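I'd like to walk you through one structure today, a few spots at a time, so let me put it up.

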Amino acid sequence: MPTRTEQAATPADRAVWADVAKGACIILVVLWHVIVKHYLLIDWRIDLPVPGAWGLLGEQLLPLRMPLFFTLSGIFAANAVARPWRIAARPRIARNLHLYATWLLIHTALLALVPDFPTDRATSPGGLLAQLTVTPSNLWYLYALALYFTLAKALRRVHPAVLLAASGALSAVAATGLLDSPGNRGQVYQNLVFFLAGVHLRPYLQRWAAGASTRRLVGTGTAYAVALAAMALAGAEGWPGVRLLVSVVAVAFGVTAAARTARLRVVGGALARLGRRTLPIYVIHMPVLALLHRLLAGPVAELNRPGRALLMAGYPVLLTAVVLALSLAVHRGLTAAGAHWLFDLPRRAGTDHNREGETMSTSHAPALPDRARVEEAAWWLSGRVVRTPVLNCPAIDRLAGARVLLKAENLQTGGSYKMRGAMLAVGRLAANGHTGVVAQSTGNHAVAVALAARRHGLAATVVLPVDAAPVKVARARAAGARVVLAGTTVEERLAVARQVADADGHPLVDAYDHPDVVAGQGSASLELIEEAERAGTPLDALVVPVGGGGGVAGACLAASGTPIEVYGVEPVGCDSLARSLAAGRPTPVVPAPTIADGLRPSCVGDLPFAVARDAVRGVVRVDDDAIADAFRLLLLELKVLVEPSGAAGLAGALRLAGGPEGGRYRTVGVVLTGGNVEAELVARLAGAPVAGLARMEGVAA
């Protein structure tokens, strides 16, 4: 179920197709209940097969409704599964259990007033206790969500293939009826696999939705119809695995249909809005339907024959619409009366919820991305940015005493990995109708935003420091951006950038505190991790230079769920991340002079720090001599031109590998973040001999 803030989320914040699918699912759930708990119980006294046809239709949709619903729920819960228990348990477990217990008591009381309404209800204290614990009632969806999330979170280190195989086997066995499944326990057994699929296969599901076409819609719809017919003709409903396979086909069809429908402005918009309000409908509609059954069953059966014949064909659709409208009206009335506790846990003082449902301080609420978001970014960026090569040099390996794999992002479009985050963020803004963007940075992010804006046909204004490297200023202008030079600190640039954004009415694409930027930068690390695994030399450690922290945060997300240890690298005197980790909060510094101009922000970003504080293994501090040594190694041994900020990553890796912990690492990955360097600086650095490594600083915990 969506959280309180999910209900108010905009399509820019959520996958619209998923909301469309949820809207369609809740309609099908209510329609099914209308058919089996009311419509088929009316004595129509007309010799026409219409009621039977409605019943058959409802049965054919059984493999689709709840499997698709739980797949979507898993997609929306995927971010929270990666969060610590202290953050995720309240909105995802305690909340659903609270709602289940609260509404179970309400249903038990209200349905006792309609004893002839055919639904499961507790009629004794023992029955109520069973429904509260091990035998869920018709509100079993909420019960299952709490249980499923607990399992997904507790088993998140288990390989997804193992989880899906085990839960698939449970589903297959449960469908045979061999397991004791009173109440709705059988449904709980059968649908776990779909929730886990939503959690672990979210990027693939979203990729499937993004590629939805009319041909695929026809193909999956036909496959679903054929599977249903074959199952019915063979009498195979109870055969192990058959219903599971049919449901997998049904989910593929449902996702495709939702993605296609989402492109229809009127219908897609209406279903998406409904999909963001499924919770009140789900918990309220059964008592509403019970009341309508008591009021309408008799009078409808007593209508004259022409009236019954006219009503019989479209009655389920009409009553479904009425139940949906009344449920939403009851919800509005209850919330207007202040009964918010019926639909959510009471808020704790000083907290709010982000759109993924995790509790965060209201004074510090950047929406945290996760590994799935990095995987989605990598998929979206495929073909839009360069998949840069991974380099290796025996001479560098000998110096490090380990295999060093270098991700050559200096060869990226725009000369740095910043192109990844900029392309993703600007692309989303362009898709949402924005006509321009504003950015500020020391250089590479500004160049990347300018290039991304040109690619998407947007105007761009970039704010650079007055002492910015001329090559970066020139590249931003060559990309078509309006360049504004302002101050020397990030605070001065941000102030000017915000003024420009307000004046032009264009959004500010932050270089660090932007989830799309972090996810985009993380795609470079993800590619490095994947290529190392394919080569049979999986990474033990991953080293990324740190300016505002977007790159190292993206690396932490890309490495989450793996044993890879992530390190940041900062120039001595520009070590905001190291000091922030020690202080437990973002801590500004007065940046010292350094040849690594891209690593001189005065403070790590709030969002990168929120990601890195629990995920980064440590920070390696390096001085300018060490950076210059690494620069020359790359230039002379690999014939690769990297700017000092990018070379800092190799300097840190060499220091790390030669330190007390270095012996633990057989393979170390390094992201060479950029290659925008002045010719004069190249000549100066290249002319000096490679020095020893003894001058490098230590590692901060």
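Before the first stop, one cut-off: a residue is called buried when its relative accessible area is under 20%. Keep in mind too that what you're looking at is a predicted model.

So, with that cut-off, how many of the residues of helix 23 are buried? It's 10 of the 10, across residues 550–559, so helix 23 is largely enclosed by the rest of the structure. If you want to click along, the buried residues run Gly550, Gly551, Val552, Ala553 and Gly554, and then Ala555, Cys556, Leu557, Ala558 and Ala559. Just after helix 23 you come to glycine 561, which has a positive phi of about 85°.

How many disulfides does a search of the whole structure find? The count is 0. Take cysteine 574 as an example: the closest cysteine sulfur belongs to cysteine 603 and sits 13 Å away, too far for a bond. To count as a disulfide here, the two sulfurs would have to be within 2.5 Å. Cysteine 574 is also buried, at 2% relative accessible area. Cysteine 393 counts as buried as well, with 4% relative accessibility.

Let's move to how some of the helices pack.

Pair one is helix 2, residues 16–37, with helix 14, residues 278–301. Their axes come within 11 Å and cross at roughly 20°. Angles under 35 degrees count as roughly parallel, and that makes helix 2 roughly parallel to helix 14. The crossing of helix 2 and helix 14 is right-handed. On the helix 2 side, the residues that meet helix 14 are Lys22, Ile26, Val29, Val30, His33, Val34 and Lys37. Helix 14 brings Thr278, Ile281, Tyr282, His285, Met286, Leu289 and His293. By class, the contact of helix 2 with helix 14 has 8 nonpolar, 4 polar and 2 charged residues.

Pair two is helix 9, residues 185–200, and helix 12, residues 242–261. The angle there is about 40°, and the axes are 12 Å apart. Helix 9 and helix 12 are therefore oblique to each other. Helix 9 passes helix 12 in a right-handed crossing. From helix 9 you have Gln190, Val193 and Phe194, meeting Arg243, Leu244, Ser247, Val248 and Val251 of helix 12. Sorted by class, the contact of helix 9 with helix 12 has 5 nonpolar, 2 polar and 1 charged residues.

The class count for helix 26 with helix 27 is 12 nonpolar, no polar and no charged residues.

While we're here, look at the loop between helix 26 and helix 27, where you'll find lysine 639. Lysine 639 has a positive phi of about 60°, although it is not a glycine. Lysine 639 is exposed, with a relative accessible area of 63%. Arginine 45 is not a glycine either, and its phi is positive at about 55°. Arginine 45 is in the loop between helix 2 and helix 3, and at 43% relative accessibility it counts as partly exposed.

Two more residues and I'm done. Aspartate 597 is in the loop between helix 24 and helix 25, and counts as partly exposed at 25% relative accessibility. What does aspartate 597 touch, leaving aside neighbours within four places in sequence? The contacts are Thr442, Ala469, Lys472, Glu643 and Ser645. Its C-alpha is also 9.7 Å from that of proline 571, which is 26 residues apart from it along the chain.

Last one: threonine 667, in strand 11, residues 667–672. Threonine 667 counts as buried at 5% relative accessibility. Neighbours within four places aside, threonine 667 is in contact with Arg403, Leu405, Thr537, Pro538, Leu539, Asp540 and Ala541.

Conventions: Residues numbered from 1 in each chain as written. Predicted model: local features only at pLDDT ≥ 70, side-chain atom pairs only at ≥ 80, totals over all residues. Heavy atoms only, no water. Buried < 20%, exposed > 50% of the residue type's maximum accessible area, 1.4 Å probe, protein only. Helix = DSSP H or I, 4+ residues; strand = E, 2+ residues; numbered from the N terminus. Contact = heavy atoms within 4.5 Å. Axes fitted to C-alpha atoms, helices over the stretch in contact; angles between N-to-C directions. Parallel < 35°, antiparallel > 145°, perpendicular 65-115°, else oblique. Left-handed = near helix turned anticlockwise from the far one by under 90°. Nonpolar A, V, L, I, M, F, W, Y, C, P; charged D, E, K, R; others polar.
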